[in-house]
Structures are given as structure tokens and as C-alpha cells.
Amino acid sequence: MALRDGGQYLFALADFDKAIRFGHPEPARVYFAEALTYEKLQRPQNAKESLGKALAANPAYEPAQRRLAALNGTHEPAPSAASADGMA
């Protein structure tokens, strides 16, 4: 996250890839961060793909649901009690 926040987007993407490969315990969170990085790089299709992976890892992950809805130009989904996992 520090790399992304510092504008080192490609290094951040490499770190997210490593986190997934080495079994990060919260893959949805990693994919979500990856998607935000792709947005910074103005690569919306890659961002959507990463959000899809986040939702495949955790279908109830609200941040990914909301961001994907925004990228698709649709209304945000209604919050569900099952997705109150506190990951952002």
C-alpha cells in the first residue's frame, strides 16, 4: 500500500502479485488494492478484472461490490449484513 500511495504503481502491483502467490489470508483485500492501483494507472479494464477476482474470493466484500458498480456506471449495491467484515 505504501508503494501505491507513493506513486510507485508498478512496484505495488508486483507486491500484490506476490501477496496472492504466497497465500495472503485476505485475497479479496489484495485484489481490491490491486484494482485501485490499476485505476491510478488509468487501466479500468484491469481494475474491473481485479475487482472480479476480489468478489470471487469473497462475494460479500462490499468495497469491491461498490467500486465495480461505480466503474460499470451502475448504482451501488445495497449493503448486506454478511459483508460487514471491516476490510477496506
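Predicted model: local features only at pLDDT ≥ 70, side-chain atom pairs only at ≥ 80, totals over all residues.
1. Helix H3 spans residues 27-40. It has 14 residues and reaches 20 Å from its first C-alpha to its last. That is close to the 20 Å expected at 1.5 Å a residue. Just after H3, Gln-42 takes a positive phi of about 60°.

2. Much of the interest in H3 is in its buried residues. These are Ala-28, Val-30, Tyr-31, Phe-32, Ala-33, Glu-34, Ala-35, Thr-37 and Tyr-38. Note that Glu-34 is in that list. The cover over the buried residues of H3 includes H1 (2-5), H2 (9-21), H4 and H5.

3. Thr-37 lies in H3. Its relative accessibility is 0%, so Thr-37 counts as buried; the cut-off is under 20%. Leaving aside residues up to four places away in sequence, Thr-37 touches Arg-4, Tyr-9, Ala-12, Leu-13 and Phe-16.

4. Next, the pair H4 and H5. Two packed helices are described by the angle between their axes and the distance between the axes. Here H4 covers residues 44-57 and H5 covers residues 62-72. Their axes come within 9 Å and cross at roughly 150°. Angles over 145 degrees count as roughly antiparallel, and H4 and H5 are therefore roughly antiparallel to each other. The crossing of H4 past H5 is left-handed.

5. On the H4 side, the contact uses Ala-47, Lys-48, Leu-51, Ala-54 and Leu-55. H5 supplies Ala-64, Gln-65, Arg-67, Leu-68, Leu-71 and Asn-72. By class, the residues of this H4 and H5 contact are seven nonpolar, two polar and two charged.

Conventions. Residues numbered from 1 in each chain as written. Heavy atoms only, no water. Axes fitted to C-alpha atoms, helices over the stretch in contact; angles between N-to-C directions. Helix = DSSP H or I, 4+ residues; strand = E, 2+ residues; numbered from the N terminus. Parallel < 35°, antiparallel > 145°, perpendicular 65-115°, else oblique. Left-handed = near helix turned anticlockwise from the far one by under 90°. Contact = heavy atoms within 4.5 Å. Nonpolar A, V, L, I, M, F, W, Y, C, P; charged D, E, K, R; others polar. Buried < 20%, exposed > 50% of the residue type's maximum accessible area, 1.4 Å probe, protein only. Expected span 1.5 Å × (residues − 1).
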